[in-house]
Amino acid sequence: MADKRFRRRPLDQALVDELIEDEDSGSELESAGSEDSAATSDTSGNDSGAEINGEEWRRGDRRNPSDLNFTGQAGINVDMGDDPSPLRIFELFITDEFIDIITRETNRYSEQYLENNRADLAGKRHSRFHAGRPVTNGEILAFLALTIGMGIVKQLDLQDYRSKDEVLATPFFSSVMRSFSLDPGVFHLNNNSTYVPRGEAGYNPLHKLGNVYTLILEKFGAVYTPGPNIAIDEGMVPWRGNLHFRVYNPDTPDK
């Protein structure tokens, strides 16, 4: 006797017809919530539409979709000149206001760290925290230059950038590193004292990025307007930091 679990069941013709005709355009609205579902169910038999959360929704025709005319002015929105340098492009996004924020918050965190760890630092005479002076905008720019440069010129070890060996020497890095006292560990973008713990009202998982994140998003939107045809792709960058909304995908080649 055949197992009942594997008996062939007759197809629901109504379901088949619905899939073929693709008449389920209202299902997306029904999943939005009980209030939205009630509104859409009232208009399922006509094309008059419904107002949901202040927006007017109408039943569409998927066989003859309407054209969406692009009305924006695509392209670069600033004067770049005939032959813009990499520095000119960099300054379009990383402005003086951007650097001012990083300098202020880095110095603030340096003071907080020194105050909270004064006893531990007492025996570390060569620590940069004993320099006794705040970092400047120029030092922050130098640090960013080093960071960008290290993504282009890659050494096996951080100390190799200071090397004077004829094979390993990279004079740019060693000369810049010699001229500033910024400890990378105190580089900061926001004030830690305004952090709201996770689970409390006002918690922001992007708090560490502060206003710098908002500023750079605004700059991207102001400098360039994309056209009607956009191809979006993604790049995988392995990262093992501590962040609660980090997503692990075992199928990606980069872990």
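Predicted model: local features only at pLDDT ≥ 70, side-chain atom pairs only at ≥ 80, totals over all residues.
**Exercise 1. Getting an overview**

Find how many helices and strands the protein has, and in what order the elements run from the N terminus on.

*Solution.* 
Step 1: Start with the totals. The protein has nine helices and four strands.
Step 2: The elements follow one another as α-α-α-β-β-β-α-α-α-α-α-α-β.
Step 3: Of the 255 residues, 24% count as buried. The accessible surface of the protein is about 20000 Å², and carbon and sulfur atoms account for 53% of that surface.
Step 4: Finish with the contacts. Take those between residues at least 6 apart in sequence: 57% of them join residues at least 24 apart.

**Exercise 2. Helices H5 and H9**

Work out how H5 and H9 are oriented to each other, and which residues meet.

*Solution.* 
Step 1: Two packed helices are described by the angle between their axes and the distance between the axes.
Step 2: Look up both values. Helix H5 covers residues 96-116 and helix H9 covers residues 210-223; their axes come within 9 Å and cross at roughly 165°.
Step 3: Compare the angle with the cut-off. Angles over 145 degrees count as roughly antiparallel, and therefore H5 and H9 are roughly antiparallel to each other.
Step 4: Note the handedness. The crossing of H5 and H9 is left-handed.
Step 5: List the partners. From H5 come Glu 97, Phe 98, Ile 101 and Ile 102, and they meet Asn 211, Val 212, Leu 215 and Ile 216 in H9.
Step 6: Sort these residues by type. The contact of H5 with H9 has six nonpolar residues, one polar and one charged.

**Exercise 3. Helices H5 and H7**

Now try H5 with H7: decide how they are oriented to each other and what kinds of residues make the contact.

*Solution.* 
Step 1: Helix H7 spans residues 137-152, and its axis lies 9 Å from that of H5, at an angle of about 100°.
Step 2: Angles of 65 to 115 degrees count as roughly perpendicular, so H5 and H7 are roughly perpendicular to each other.
Step 3: On the H5 side, the contact is made by Ile 99, Asp 100, Ile 102, Thr 103 and Thr 106; on the H7 side, by Asn 137, Ile 140, Leu 141 and Leu 144.
Step 4: The residues of this contact of H5 with H7 divide into five nonpolar, three polar and one charged.

**Exercise 4. Buried or partly exposed?**

*Solution.* 
Step 1: Recall the cut-offs. Under 20% relative accessible area is buried, over 50% is exposed, and partly exposed lies in between.
Step 2: Val 176 sits in helix H8. Leaving out residues up to four places away in sequence, Val 176 touches Ala 142 and Leu 146.
Step 3: Asn 192 belongs to the loop between helix H8 and H9. Beyond its neighbours within four places in sequence, Asn 192 is in contact with Tyr 109, Gln 112, His 207 and Lys 208.
Step 4: Leu 243 is found in the segment after strand E4.

**Exercise 5. Sequence and space**

Find how far Leu 243 and Pro 205 are apart in sequence and in space.

*Solution.* 
Step 1: In sequence, Leu 243 and Pro 205 are 38 residues apart.
Step 2: In space, C-alpha to C-alpha, Leu 243 and Pro 205 are 8.5 Å apart.

Note on methods: Residues numbered from 1 in each chain as written. Heavy atoms only, no water. Axes fitted to C-alpha atoms, helices over the stretch in contact; angles between N-to-C directions. Helix = DSSP H or I, 4+ residues; strand = E, 2+ residues; numbered from the N terminus. Parallel < 35°, antiparallel > 145°, perpendicular 65-115°, else oblique. Left-handed = near helix turned anticlockwise from the far one by under 90°. Contact = heavy atoms within 4.5 Å. Nonpolar A, V, L, I, M, F, W, Y, C, P; charged D, E, K, R; others polar. Buried < 20%, exposed > 50% of the residue type's maximum accessible area, 1.4 Å probe, protein only. Areas by Shrake-Rupley, 256 points an atom, 1.4 Å probe, with all protein chains shown as cover.
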